[in-house]
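Please open the model in your viewer and keep the selection tool at hand.

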Amino acid sequence: MLEISDLSAGYDGIPALRSVDFRVGPREHVAILGPNGAGKTTLLKAISGTVVPDSGSIRFDKRDLLAQAPHKRVEAGIVHVPQGRMIFASMTVADNLRLGSHRAAAQNRHDERRELVFEIFPALADMLGRDGGALSGGQQQMLAVARGVMACPRLLMLDEPSMGLAPRAADDIFEGVTRLMQSETTAMVVVEQRAHQALEVCDRAYVLESGEVSLEATSRELLADERLAAAYLGSEL
Ligand SMILES: Nc1ncnc2c1ncn2[C@@H]1O[C@H](COP(=O)(O)OP(=O)(O)OP(=O)(O)O)[C@@H](O)[C@H]1O
Ligand SMILES: [Mg+2]
């Protein structure tokens with residue numbers, strides 16, 4: 001479904017991704033792990049189109065994604081929930097969710113998707129009239145993920161959904177992401193510092209280090225092999 005080959009990208013000539021190969025199959029859930037500054041966010045940005053790579057190819061459904069503007073990629077079903085809680089603070093929760101369904105394929109499915117969102121994050125159902133800015137950090141992150149779900153993605157990319165949250169709030173987010181992954185057969189990519197939890201819900205994982213893929217393995221392999229996990233994931237696992 002998504003096939004990336006030999007992708008390199010950087011900022012002002014400083015490389016952030018070096019010759020990365022990465023793929024996501026239909027229905028597959030893939031984790032991207034790795035230390036700060038490894039290039040995880042840059043990889044997602046290259047897929048959604050906010051970073052223009054220096055070389056390499058990205059194909060989605062066999063089509064050349066790099067030839068398409070970012071909004072065309074959204075229309076094709078690639079939905080990126082960025083790092084940091086990007087919600088509209090002065091809009092209500094209901095309106096934030098409605099914005100998620102602006103994608104053509106999602107417009108007629110607003111009510112059905114909202115039901116799914118309430119199953120994933122029940123807390124949001126009681127907050128529809130509140131302004132986004134009045135929510136706690138954890139609730140804002142739920143809203144950010146929920147808005148992505150509203151778009152009926154074909155490939156949903158979540159960049160560190162639990163980042164910067166207190167452990168309880170991070171747990172709530174992770175429970176929601178787990179429910180989402182169990183109920184949706186859509187392809188998903190999740191960048192996560194909580195390596196163990198990410199592996200529990202994902203089929204496969206890539207470890208990025210200094211812009212390079214240092215390991216690609218199934219979650220089962222990583223969870224089963226303590227030495228491998230210790231070598232690549234340190235104390236996080
Ligand atoms: N807008 C930018 N301008 C210049 N350099 C950048 C920019 N964004 C990222 N970088 C650099 O590119 C490299 C990869 O950054 P990236 O944000 O992709 O890493 P990351 O794995 O997502 O890290 P984190 O875990 O901290 O989110 C880092 O060295 C970073 O400093
Ligand atoms: Mg990042």
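Begin by selecting T42 together with ligand 1: a polar side-chain atom of T42 lies 2.5 Å from an oxygen atom of the ligand. The protein as a whole covers 60% of the 630 Å² of accessible area that ligand 1 has on its own. Please bear in mind that this is a predicted model, and that the distances shown are computed from it.

An N or O atom in the side chain of T41 is 2.8 Å from an oxygen atom of ligand 1. Then select A38, where the backbone supplies the contact: one of its N or O atoms is placed 3.1 Å from a ligand oxygen.

Which residues come nearest? Among the 13 residues of the shell, they are G37, K40, T41, T42 and Q83. Colouring the shell by class shows seven polar, four nonpolar and two charged residues. Helix 1 provides the largest share of this shell, namely three residues.

Move on to helix 1 itself by selecting residues 40-48. Is this helix mostly covered or mostly open? It is mostly covered, with seven of its nine residues buried. The buried positions are K40, T42, L43, L44, A46, I47 and S48.

Finally, step just past the end of helix 1 and select G49. Its backbone adopts a positive phi of about 105°.

Notes
Residues are numbered from 1 along each chain as its sequence is written. Chains are lettered from A and ligands numbered from 1 in the order in which they are written. This is a predicted model: local features need pLDDT of at least 70, side-chain atom pairs count only at pLDDT 80 or more; totals for chains, interfaces and linings use all residues. Side-chain values use heavy atoms; hydrogens and water are left out. Buried means under 20% relative accessible area, exposed over 50%, partly exposed in between (1.4 Å probe, protein chains only). Helices (H or I, at least four residues) and strands (E, at least two) are DSSP runs, numbered from the N terminus. A residue is near a molecule or strand if one of its heavy atoms lies within 4 Å of it. A polar contact is a pair of N or O atoms within 3.5 Å; within protein, one must be able to donate a hydrogen and the other to accept it, and residues adjacent in sequence count only if both atoms are side-chain atoms. Accessible areas come from the Shrake-Rupley method with a 1.4 Å probe; for residues, only the protein chains shown count as cover. Ala, Val, Leu, Ile, Met, Phe, Trp, Tyr, Cys and Pro count as nonpolar, Asp, Glu, Lys and Arg as charged, and the others, Gly among them, as polar.
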